[in-house]
Every structure is written in C-alpha cells, then in structure tokens.
Amino acid sequence: MTQAFNMADLSTALPEVVLSLVAMVILMLDFIVPKGRRDWLGYLSVLGVLLTLMVLCRQWGATQSAFSGQYLIDPFALFFKILFLASGGLIILMSIGYLRGEGADSGEFYALILFATLGMMLMASAVDLLILYIGLETMSICIYVLAGFLKRERRSNEAALKYLLMGGFSSAIILYGIVMLYGLTGATGLKEIASTLTADTLSNPALILAMVMLAAGFGFKIAAVPFHMYIPDVYEGAPTPITALLAAASEIAGLVILLRVFLVAIPGLQDRWALLFYVLSLLTMTVGNVVAIAQSNIKRMLAYSSIAHIGYLLIGVVAGRELGISATLLYTVVYALMTLGAFAMVILLCVGEVKGERIDDFAGLAQRSPMAAAAMLILLLSLAGVPPTAGFVGKLYLFGAAIERGYILLALIAVVNSAISLFYYMKVAVAMYMRDLPPAGLALSPSRPLRVVLFVTVVGTLAIGIYPGPFLDLAKSSIAGLW
Amino acid sequence: MLLSYLPILILVLLAAGFALATLFLSSALGPRRPSKDKLSTYECGIDPVGSARERFSVKFYLVAMLFIIFDIEIVFLYPWAVILNSLGLFGLVEMFFFLGILLIGLLYVWKKGGLEWTT
Amino acid sequence: MTVIQVVFFLVAAFTTAAAFLVVLAKNIVHCAIALVFTFFGVAALYVLLDAEFLAAVQVLLYVGGITILLLFAIMLTSRISARGVRVMNEQVGMSAVVVFAIFALLAIASLKGFALVGSPPPASYATASLGRLLLTTYVLPFEAVSILLLAAMVGAIILARREREKD
C-alpha cells in the first residue's frame, strides 16, 4: 500500500510544479518592482501560464496514473487544464488595465489568480476525494480574497464576505458527503469507491444521503438554483476580472469534479442523480433567464445569465453517455469564451467615472466605437444562441443529446428559455445601436492586453460557431475512458 | 490504552471541582460589605481608566490568523518528526519542500510588514 | 454497558450541552467560551475512538487557535461584546425546525445505512503510521496543503493591510 514516491510521479505533476513556481516568483518580485510599474508582473504571469501550457501539452493523448492512483493524467483532465490555464491567462490580461484604473496594481493579485488556477488543475486531475477537496479549497481561498481585493469599495467587501460564508458552508456540505462516502466504503479513491458499491448497497439510505449532499455542495459551487442566492451580489461586488474568473473558471472547475465524482464513483446511482440534476437543470435555467430580464446592472444580468448557462450545461450531465458529456465539454469552452468576452467588455467601458456596469452605459456604443459594439453584438448573439456563433453550436449539441436520450420536455423548456434570453441580451444590443450616445461619453481607450482578450474571445466564438468539427472531435476524444 | 488517559480525566475533574468549590465557598462564607470603591473594576488600586470593552486593533487578528497557519504547519511537522528516522533522506527532502514554500510565505509576511506592530 | 460506553455517553452529553450553549447563550462572549468546551468534548470523543493524533490536533488548533481568533474577532468588532446585543433574530423558530429536520434525516439515514455496512475494518491511527502515509502515499495532498497555506497567508496580509492604509 505504502509506495515510495518516484520521479515518474513528479513528471506527471510537472505543469503544476511549474505554475506554482511561477506564482511564487511573482509573489517575491512584488517587493522589487515599484508600485505603478507592476504591469509587467502581469505580463510575466501570462508568460508563466504559457510556459505551463507548453509543459502540459507534452501530456497530450497520454493516460497515466500517479501518486498511488490519486492523480490521473488523462485527456479529460488535460482538456480542462488547458481551458483553465487559457481562462486564467486571459483573466490576467484583462486585469492589467483594470488594476491600473482602480489604482490597485499589485503582484499578489496575479499570484492569487495563478494559485487559484493551480487549485483548478488539481481538481481536474484528482481521482481521490482528498486531493479533490484540497484543490477545491486552494481555489476557493484565493477567490475569497480576490473578491474583496478592492478594499475601499463596500460592495467588494460585501462580495468577499458573502462568498466566504456561502463557500465555507458549501465546502462543509461537500465534506460531509465525502465523509459518509468514506465511512460506507472505506475508500477515498473514486474507482475504489465504485468497486466497493455492490448492487444491494446501492439502495443504502446513507449512500443516497451522501449523494444528495455532494449534489447540493457542488450545486453551490456551480451556482445552480436553488443554491444561487449569493451569486448576483458576489458577481456585482467583486472586481470585474474576478467576476470573470468566478463565472468562466471556478464554476467550470466545480462542474469538473461533479462529473468525475458522479460518473466514476457512483455510476450505479445514475438513475437517481440524473433525476436530481434534471430538476436542478430545469430550475436553474428557468430562474436564471426569467430574473435576468429585470436587471439594469450588466454584471447582475450576466450573473443571472451565467446561472442560466449552468442550467444548460447540466442538460448534458442529465443526458449522460458520450453524447451528453461531450456536449457538456464543448459547451464549457463556448461558455468560458463568451463569458470572458462579455466581462472584458464591461472592463472596456470602465472609463473615468463611468463604471460600465449599467446597461445604460452601453447606449450609443455603435457611434462611440463601432468595433467594440460589433464585438459585443457577436458575444451577445452567442450568449443567446443565435447562429453562426459558438453559442448556437453548443446548444445544438446539448439539446440534441437531450432529445436523443428521450428528455424531450427538458429540451423543449431549454429552447423556450433560449428565446427568453434573446430578449434581455437584445436589450443591450438595442442600447448600443438604437440609442444616442450620452453627452458625457468619453472616448474608449482599451489597453493593449484587453484588446487581445476581446480579439481572442470574439474570434474563438466565431470560429467554434462556423467550424465546430475539430472542437467537437476534441470534446469527444477527451471523454474516452472517463468511466 | 485508554487507561493512560485516566490521570488526565482525574486532573480535569479536580481542576473543575476546585474552581467551582472556591467560587461557591467564597460566596457562601465570605462577609459582604459593598462600597463604591469595592465594586469598581479592580486595577491594582488605581482608578479604572475608560471602559474595559474597548475595540481591539485589527493587528491582533492578523497575528492570530498567522498563528493558526503556522499552527497547522506544526500539525504536519509532528508526525513527520516521529518517523523521520525510517524515512531517511527522502522524508527530509519532502519536508524541506513543504517548509520552503511556507518560508516564502513568511518572507512575504515579513516584507509586507505583517510582523511589525507599529508602522 | 461497558465503562467505555458510560464515559462515551457522558462526554457526548457534555459536548452536546456545550454546543447548545454556543447557540443559545445571550452574551456572545459566553457563546465563544462555550465553544471551547465543545471543542474539548470533541477532542475527548476522538480519544475514545483511538484517534489520539486527531485529539491533539483538535486541542492545538481548535481550542488553542480558532477560539482565540473568534474572541479577537468579537473584541475588535465595536460594541458587539457589550451586553444587550441580540444574538437571535426573528427566524430562530424556523431555523430550529430546519435544524431538527436535517438532524433527524442524518440520524435515520446514518443509523440505518451504517448498520447495513457493518463496522469498518480496524485501522491504525498511530501517529507514526499517519506520518508514513502522509509522506509516502499522500505526498501530493501534503505538498498541495503547503501551497494552500501560502495562499492563506497572502490572503491574511491582504485583508489586514486594509487597516494600515487607513491609519
């Protein structure tokens, strides 16, 4: 059982080692670089992320288990690690200009984003409940602090406190589920748990309770209704790049461990948890879309819209099998791209006194900057799921998987929801194209890194929308051997 | 094995019993002639200054937070120390990595002035 | 009933009583002090379960660390430690119902479920074997924890620096 650690184990975790070293170097350089010139710590962080990506790509196509079977390198983990690193890099890029604008530039901000990304990478590869939980906590602790980074803003303080309380609460629920699972099976490895559960132990009430607790805990982490109450306030109050981190990376990381635990550890209970997620998915997308209509703050609107998208993502989990799970994987990429793009737009509009957070701030954007308005329009169309954007393709495969597996009603409600969402996304588009520029509108001066983020997200959204084949193939090959 | 905890139990009971008995006996047997000076907060005979319920500085909190983090570190050091002999060099290197990462944390705290009381 | 069982029930009753006091006491400082006793009771339960190392950790971290942190938090919040601060609000009845419903659910499911599985295989909780596991099988979580602690340290400084900038 006890097995000494060897160099092969270390080489499987090399990307994680590189990333943590980069984060520590950034932390130390913070003392040397004077305030006001810490932009280049951000650029250095992005370089570090690229370096990690390069090291990571050597694991392409490999499947290898390490650290006594607790850590698994497989295409599924690799898929999400690349997604998290890419999101992390883009978020750092959009932070550079944002922090300068807020007068809060510092190395810790980038270092904490890198540590949070590291936690997500641990979650992606974890096939043992212990390392899974530690990855989750590493990510969460960093984001608690980052959410409250703007010290002079009351809203930021409130966001940090709310997220800390709800995050701690949900971690405790997950831990309770883990403990019950361990108590019943005597194992923490996901595969070992599955092999211990025989047909007659599957109806064990304690096991069902453990399943419900894990579903509820993960539900908090991915912001599914009815575990979403804190999300709008946290999204609104947190610094905008951190809102993007929460929406585009942290929630997907929660979804990754949800998939791993439910598909690998308790596949025997699929009938039961599919029903559970069916209800969650239905509630999540409906509540998210309906409440989003009434919002006048764009960050709150995007918060409810992200809740709705989590509902769509859960459709794939409900449908299951290759079709459903690969559709979910594809949609995580689509969702991350358009969410990051939308929050980058909010940062773009943050000029002078205007925070860019009211939908009114988008009025007359087409006159002010036709390029920015066009970019936002593409992102909005994608969020609503209109062809030829990525949002359409992603939803097509998700809803298709649901219909294929006989969940006609769920697919139907999802389509109705998409129609509802078109209404509030177009409210922003109408403001941009049909309304006049307020006299106070200043010229937009996006920083170069922010332009890169907008370019990547918009081009990515269009690319997946027009030519989805390779992305779908990648998603399909990434779930091979997952369960 | 649990028998080795018996002395601890006895000590706890004795301590609690002694404290409770002293409280009870002094209130039962002691004479009581209250006056204004006697009822005021005891500060070694000097007139009390201000309220005892003053607001503490957040610095205490920072110290307490750092204390807990290093406390957790000790929790990991202890089982390591117990078996260091049988683990050999390998165990030593591992712990050096663990401590090295935390040392960076300490350096960070130090440089940021987290260990200074006055700024 | 064996002596151990008698001791267990006494300790469990003590812990539960202290936990009730934490929730029900009127003065928030009393709540914090009652929490110390709850933590002590839990440590005693660990000892009864042969988890000595865990008991030591419980005393070191929770009794010695967390409660201190809690008391500091109370004292640095203006006037919260003064008498007359309401510890309850109007939702106390509702939350009591929810708490007991969840408790009943957990208790029934655990009693029924764990009876079906039977007792777990005996494990060695000796500190030495824990240390060996930690540094061989669980070396990855072990090193990951140091990163987590580093992030926590950075977070603590960021939170506390707020005060310094105001001064």
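Which domains does the domain assignment give for chain C? There are three entries: domain 1 (1–87), domain 2 (89–118) and domain 3 (126–167).

## Domains of chain C

This is a predicted model. The domain bounds in chain C come from an automatic or database assignment. The C-alpha centres of domain 1 and domain 2 of chain C lie 21 Å apart.

## Where chain C touches chain B

Chain C meets chain B through 41 of its residues, in contact with 38 residues of chain B. On the chain C side, the elements that give two or more residues are α3 (52–76), α5 (127–135) and α6 (139–166). Of these, α6(C) gives the most, with 16 residues.

What is the make-up of the side of chain C that touches chain B? Its residues divide into 29 nonpolar, six polar and six charged.

## A helix pair in chain A

Two packed helices are described by the angle and the distance between their axes. In chain A, helix α4 covers residues 75–102 and helix α5 covers residues 107–125. Their axes come within 9 Å and cross at roughly 165°. Angles over 145 degrees count as roughly antiparallel, so α4(A) and α5(A) are roughly antiparallel to each other. The crossing of α4(A) past α5(A) is right-handed.

Residues from both helices make the contact. From α4(A) they include Phe80(A), Phe84(A), Ile91(A) and Leu99(A). From α5(A) they include Phe109(A), Ile113(A), Met120(A) and Ala124(A). The residues of this contact divide into 14 nonpolar, four polar and one charged.

Definitions and conventions. Residues are numbered from 1 along each chain as its sequence is written. Chains are lettered from A and ligands numbered from 1 in the order in which they are written. This is a predicted model: local features need pLDDT of at least 70, side-chain atom pairs count only at pLDDT 80 or more; totals for chains, interfaces and linings use all residues. Axes are lines fitted to C-alpha atoms, for helices over the stretch in contact, and angles run from 0 to 180 degrees between N-to-C directions. Helices (H or I, at least four residues) and strands (E, at least two) are DSSP runs, numbered from the N terminus. Angles under 35 degrees count as roughly parallel, over 145 as roughly antiparallel, 65 to 115 as roughly perpendicular and the rest as oblique. A crossing is left-handed if the near helix is turned anticlockwise from the far one by less than a right angle, and right-handed if clockwise. Two residues are in contact if their C-beta atoms, placed from the backbone, lie within 7 Å. Ala, Val, Leu, Ile, Met, Phe, Trp, Tyr, Cys and Pro count as nonpolar, Asp, Glu, Lys and Arg as charged, and the others, Gly among them, as polar.
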